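Good morning, and thank you for joining this presentation. I ask you to look at the structure on the screen while I take you through some of its features.

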Amino acid sequence: METAKRYPEIELANVGMRYSSDASEVNALQEISLDIAKGEFVSLLGPSGCGKTTLLRLMADLIQPTSGSIKVSGKSAKEARLARKYGIVFQNPVLYDWRRVEENIALPLEMMGVKKSERKRKVAELLELVRLQGFGDKYPWQLSGGMQQRVAIARALSMEPEILLMDEPFSALDEFTRERLNEELLSIWGQVNNTVVFVTHSISESIFLSDRVYVLSPHPGRLSSVVDIPLPRPRNRETRNSPEFFNLIARIRGSFEGV
Ligand SMILES: Nc1ncnc2c1ncn2[C@@H]1O[C@H](COP(=O)(O)OP(=O)(O)OP(=O)(O)O)[C@@H](O)[C@H]1O
């Protein structure tokens, strides 16, 4: 298990990203180097504009870096994308209102030509995984924001991606729902065992979820520190109330001073 955990799944070496247009040029990221091992849960944490989303989009091969290299399981990010290694969850669930929950979840399977009986089986499994049994025949607008985001997570997991990329998935939710979904996400991750890269600007959320937190600072976006989170798992409410949790919050908050 330990060996599997150490296998480098995502490797970034000196990655830089400049957005250029006729009118302006933004140096969004500079000299980002990091390694994420297979099966790890890591967060990208930082204030608005420090390049977190850019970094996630680079890993997903939705955009390409202006310098440096990105490898996923030893291959290019493009090859990883074409091999459907990624599942992506965005800040807004991006569900189709005219499709029932089960049809939203099944969409990637449908697009891949998976046959109906298999789709049905898989969707039932996913509904159970995100604890939405009994809601498959509802429409997205009949669900709460937290439930909609769980549908988006189920859809992202439908193709069994090795890597789950999540861009502030819970930031639009109230704190109670967010904390509950944090625990549910860890339970899902415990069952699925994939690699998760999670973008957030919440210090406590990043600590609660992650094995390691990459702290970014803005203008240009750089890695300002890397903090290992040795809190035991499973994590729950007690974790949030532990002195170790508060110490980590203080430590990461300290790393933002002067930013
Ligand atoms: N398509 C784009 N064209 C030009 N500049 C961009 C583009 N996308 C992002 N930027 C700029 O790059 C920088 C990093 O943006 P990015 O969205 O990656 O940051 P972020 O940390 O995810 O911010 P937030 O937390 O507000 O979502 C910002 O200065 C932003 O204005």
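Let me begin with a definition: Ala, Val, Leu, Ile, Met, Phe, Trp, Tyr, Cys and Pro count as nonpolar, Asp, Glu, Lys and Arg as charged, and the others, Gly among them, as polar. This is a predicted model, in which local features need pLDDT of at least 70 and side-chain atom pairs count only at pLDDT 80 or more, while totals for chains, interfaces and linings use all residues. Residues are numbered from 1 along each chain as its sequence is written.

I turn to the ligand. The ligand is surrounded by 13 residues, and the closest are Tyr19, Ala28, Ser48, Thr53 and Thr54. By class, the shell around the ligand holds four nonpolar residues, eight polar ones and one charged one. Helices (H or I, at least four residues) and strands (E, at least two) are DSSP runs, numbered from the N terminus. At least two residues of the shell come from each of strand S2 (25-37) and helix H2 (52-59).

Which element gives the most to the shell around the ligand? It is H2, with three residues. A residue is buried if 20 or more other C-beta atoms lie within 10 Å of its own, exposed if 12 or fewer, and partly exposed in between, with C-beta atoms placed from the backbone. H2 is largely enclosed by the rest of the structure, because six of its eight residues are buried. Those buried residues are Lys52, Thr54, Leu55, Leu56, Leu58 and Met59. Just after H2, Asp61 has a positive phi of about 65°.

Next, I consider the helix pairs. Axes are lines fitted to C-alpha atoms, for helices over the stretch in contact, and angles run from 0 to 180 degrees between N-to-C directions. Helix H4 (residues 101-111) and helix H6 (residues 145-157) have axes that come within 7 Å and cross at roughly 30°. H4 and H6 are therefore roughly parallel to each other; angles under 35 degrees count as roughly parallel, over 145 as roughly antiparallel, 65 to 115 as roughly perpendicular and the rest as oblique. Two residues are in contact if their C-beta atoms, placed from the backbone, lie within 7 Å. On the H4 side the contact is made by Val101, Asn104, Ile105, Leu107 and Pro108, and on the H6 side by Val151, Ala154 and Arg155. These residues divide into six nonpolar, one polar and one charged.

H6 also pairs with helix H7 (residues 175-192): their axes come within 11 Å and cross at roughly 20°. That makes H6 roughly parallel to H7. Here Gly146, Gln149, Ile153 and Leu157 of H6 meet Thr177, Leu181, Ile188 and Val192 of H7. This contact divides into five nonpolar residues, three polar and no charged.

Finally, I come to the backbone. Most residues other than glycine have a negative phi, and most peptide bonds are trans. Where does His219 lie? His219 is in the loop between S9 and S10, and its phi is positive, near 55°. A cis peptide bond, with omega about -10°, joins His219 and Pro220. The bond from Arg233 to Pro234 is also cis, with omega near 0°, and Pro234 lies in the loop between S10 and helix H9 (237-240).

Definitions and conventions. A residue is near a molecule or strand if its C-beta atom, placed from the backbone, lies within 6 Å of it.
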